[in-house]
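Below is a short report on one protein model. The sequence and structure come first, and the notes follow.

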Amino acid sequence: MSKTPTNPSIITRDVDKIAAKTGNVYESITIVGQRARQISSKMKEELSGKLSEFASSVDNLEEIFENREQIEISKYYERMPKPSALAIDDFLADKVDFRNREDATTEN
């Protein structure tokens, strides 16, 4: 029986720890999702900025296929942890500020 290798990017998360931060797993996941979108947007801006340096006004196929620096930058971003994993880590490490909307409306 052959054992298939496990993907190292798959991490089992304790749902109770995630839910404990807000008292509701769905609120916690919503907060994590919003944080993941922020991280994803920031990463996309960084990648676009770095790749825009390689933008060429000439349609030379040889130049496009042989641009090693551009390929290395792309590979670097592909190997980075996914925004959702980073967002969960930030949330569990109390690096994400959030407030309950119901509490915010009663304070005003």
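What share of the contacts in the protein with a separation of 6 or more is between residues 24 or more positions apart? Such residues account for 68% of these contacts, where contact means heavy atoms within 4.5 Å.

## Basis

This is a predicted model, in which local features need pLDDT of at least 70 and side-chain atom pairs count only at pLDDT 80 or more, while totals for chains, interfaces and linings use all residues. Residues are numbered from 1 along each chain as its sequence is written, and side-chain values use heavy atoms, with hydrogens and water left out.

## Overall fold

The protein has 6 helices and 0 strands (DSSP runs numbered from the N terminus: H or I of at least four residues for helices, E of at least two for strands). Of its 108 residues, 17% are buried, meaning under 20% relative accessible area with a 1.4 Å probe, protein chains only.

## Helix H2

Buried residues of H2 are Ser 28, Ile 31, Val 32, Ala 36, Ile 39 and Met 43. Their cover includes helices H1 (15-20), H4 (68-79) and H5 (83-92).

## Core

The largest nonpolar core has 12 residues, among them Ile 18, Ile 73, Tyr 77 and Phe 91; such a core joins buried Ala, Val, Leu, Ile, Met, Phe, Trp, Tyr and Cys residues through side-chain atoms within 4.5 Å. H2, H4 and H5 each supply at least two residues of this core, and the largest share, 5 residues, comes from H2.

Methods
Buried < 20%, exposed > 50% of the residue type's maximum accessible area, 1.4 Å probe, protein only.
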